[in-house]
Amino acid sequence: MIKPVALVHGHYECRSLKQTVPILEEFLALEIVSHGNGNLIMKHPNTGWLLALHETTGAPDKPHYQHYGVRVATDQEVDNAYEYLQKRKNDLSLKIIPPETRRIAHSVHFVEPGGNTWEIESYEGGAKKHGLSDEIAYPWRSALLDSRFSDRDYVPQCLSHGTTSCVDLDKARRFYRSALGLEVMHPFPDADPYYFKHPSSPWYIVRRAAQQS
Ligand SMILES: [Fe+2]
């Protein structure tokens, strides 16, 4: 078995870095870490993950269930984020899916013009309802105070998850555990999503779903 020291990065393809990067900065608090050779690395200031962005002209739209998400502290902040997205959607060609509550997350999704879906989520209500620990609901070591968000009534506190899909969840689960040495969780036995993360990392999770977010 491999003994990785961390789950360190994810990859992201868009049609235009010039168009997409400002959106990730404005709505999700991501920051540019490095830039060169047609690729660009971004990071959330409160999260260890790196996000490697790749520009591909004509890149296809990605399915909804393959997305990344940020976490805010309260359900109200999700609704505030929705209001702010509504104000900016025409200028930035955003498609917005109104807020909804599913299982433990209250969240709003939006699609940026580079062909990718993002989620802004809160576990506040879900944590109370399902008795989740603060470590799971609020997986950051200290609250981010970001002056860029002072007029928006929401602050993305961490890059919380990415999603992907597979054809055989049982085989995938065994592979992540026994080959990659990751922790795998299945919090809802009646639903598809599995969550996996590196054992030593905070509850920054990557969710694995067959067909849904
Ligand atoms: Fe999600």
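Of the 6 residues of strand 2 (residues 31–36), how many are buried? The number buried is 0, so strand 2 lies largely in the open.

**Confidence**
- The average pLDDT of the protein chain is 89, and 94% of the residues score at least 70.
- Confidence is highest in strand 8 (residues 116–122), with a mean of 98, and lowest in strand 12 (residues 206–208), with a mean of 55.
- Where pLDDT is low, the predicted coordinates should not be read in detail.

**Helix 1**
- Helix 1 covers residues 17–28; at 1.5 Å a residue, its 12 residues should span 16 Å, and the distance of 15 Å between its end C-alpha atoms agrees with this.
- The residues Thr20, Val21, Ile23, Leu24, Phe27 and Leu28 of helix 1 are buried.
- Viewed down the helix axis, the buried residues of helix 1 fall within an arc of 160°, and therefore they line one face of the helix.
- Lys18 and Pro22, on the other side of helix 1, are exposed.
- After helix 1 comes Ala29, which has a positive phi near 70°.

**Strands 2 and 3**
- Strand 2 pairs with strand 3 (residues 39–43) in the antiparallel sense, over 5 bridges.
- Within this pairing, Ile32 stands opposite Met42 of strand 3.
- The hairpin of strand 2 and strand 3 has 2 residues between the strands, and Asn37 in this hairpin takes a positive phi near 55°.

Note on methods: Residues are numbered from 1 along each chain as its sequence is written. This is a predicted model: local features need pLDDT of at least 70, side-chain atom pairs count only at pLDDT 80 or more; totals for chains, interfaces and linings use all residues. pLDDT is the predictor's confidence in each residue, from 0 to 100. Helices (H or I, at least four residues) and strands (E, at least two) are DSSP runs, numbered from the N terminus. The expected span of a helix is 1.5 Å times one less than its number of residues. A residue is buried if 20 or more other C-beta atoms lie within 10 Å of its own, exposed if 12 or fewer, and partly exposed in between; C-beta atoms are placed from the backbone. The arc is that of the directions from the helix axis to the C-beta atoms. Two strands pair if DSSP finds at least two bridges between them.
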